[in-house]
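Dear colleague,

Please find the structure below, handed over for your files. My notes on its salt bridges and nonpolar cores follow it.

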Amino acid sequence: MMKYLDHLEEIIITFLIAAATMIIAVAVGHRYLSGLPIPGLQDWLLSINMSWAQELCIYMFVWMAKFGAAYGVRSGIHVGVDVLVTRLPDSWRKVTVVLAIFGGALFTGMIGSLGAKFVWENGMHYAVFNKLGMDVAELIEGPITPDLEWPTWIVYCAVPLGSFLMCFRFLQVGLAFLRTGELPHHDHAHVEGIEEIGTLDSTEALEEYEQHKFNHKEAKGGVK
């Protein structure tokens, strides 16, 4: 279970990016081909409604941003100014880092709670009670999106879900820091899936060149 939870953000973001890319490509192709005066094809394309594509992609990017923020906490890629913290004594530096981490957890937990309350009151309570067969006569169904006509509370779920996941990641990072004294650090030069190859310094590279520079001439009959 933790194996998938540790990569939850990557799974969600990868799916959303791939889906949004495909939808945008189809929508652009549909718009371009619809303008071509090709009998039959133009009429058929104009009969297909793709007005929802832009709205759906906007929602996808909102969800990507929220879960990407959680990924940033876990991997340590969020921008931070630590000029003062690095100059503090070790004991004070540790206390400052812990306070900052758990302050982030508190803030994201509050945003998640307020977001959940907003989503519940924005129509989720109506959907849940209606699904359970309870009386919903005095409840407000809630607004829907313009093009997709989805309940807006589904879209707004990105706020509590993303914020609670950020809160969880802050707590993970904080507990790991208390145990090991290390924070996650993102190497911008590292690319996932590519093996790291040891690099030669300038002296080793020159020696390697001097050793093999005549090999191609020897293969053709020696140096002339």
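Within helix H5, Asp90 and Arg93 are three residues apart, about one turn of the helix; helices here are DSSP runs of H or I with at least four residues, numbered from the N terminus. Their side chains meet in a salt bridge, at 2.3 Å from N to O. By salt bridge I mean a side-chain nitrogen of Lys or Arg within 4 Å of a carboxyl oxygen of Asp or Glu. Asp90 is exposed at 57% relative accessibility, while Arg93 is partly exposed at 26%. Buried stands for under 20% relative accessible area, exposed for over 50%, and partly exposed for values in between, with a 1.4 Å probe and protein chains only.

Please note that this is a predicted model, in which local features need pLDDT of at least 70 and side-chain atom pairs count only at pLDDT 80 or more, whereas totals for chains, interfaces and linings use all residues. Residues are numbered from 1 along each chain as its sequence is written, and side-chain values use heavy atoms, with hydrogens and water left out.

The structure holds five salt bridges. Helix H5 also carries the pair Lys117 and Glu121, four residues apart, about one turn of the helix. The closest N and O atoms of Lys117 and Glu121 are 2.9 Å apart, and Lys117 is partly exposed, with a relative accessible area of 47%. Elsewhere, salt bridges with shared partners join Glu9, Glu10, Arg74 and Arg169 into one network.

In the salt bridge between Glu10 and Arg74, the closest N and O atoms are 2.5 Å apart. Glu10 belongs to helix H2 (residues 8-34) and Arg74 to helix H4, so this pair ties together parts that are 64 residues apart in sequence. Both partners are partly exposed: Glu10 has a relative accessible area of 25%, and Arg74 has 21%.

Turning to the nonpolar cores, each is a set of buried Ala, Val, Leu, Ile, Met, Phe, Trp, Tyr and Cys residues joined through side-chain atoms within 4.5 Å. The largest has 16 residues, and those with the most contacts inside it are Val73, Val97, Ile101, Met166, Phe170 and Phe177. Helices H4 (52-75), H5 (90-131) and H7 (158-180) each supply at least two residues of this core, and H7 gives the most, with six. Another core lies apart from it, with 14 residues, including Leu16, Ala53, Met60 and Leu148.

Beyond its neighbours within four places in sequence, Ile101 is in contact (heavy atoms within 4.5 Å) with Phe170, Val173, Gly174, Phe177 and Leu183.

With kind regards
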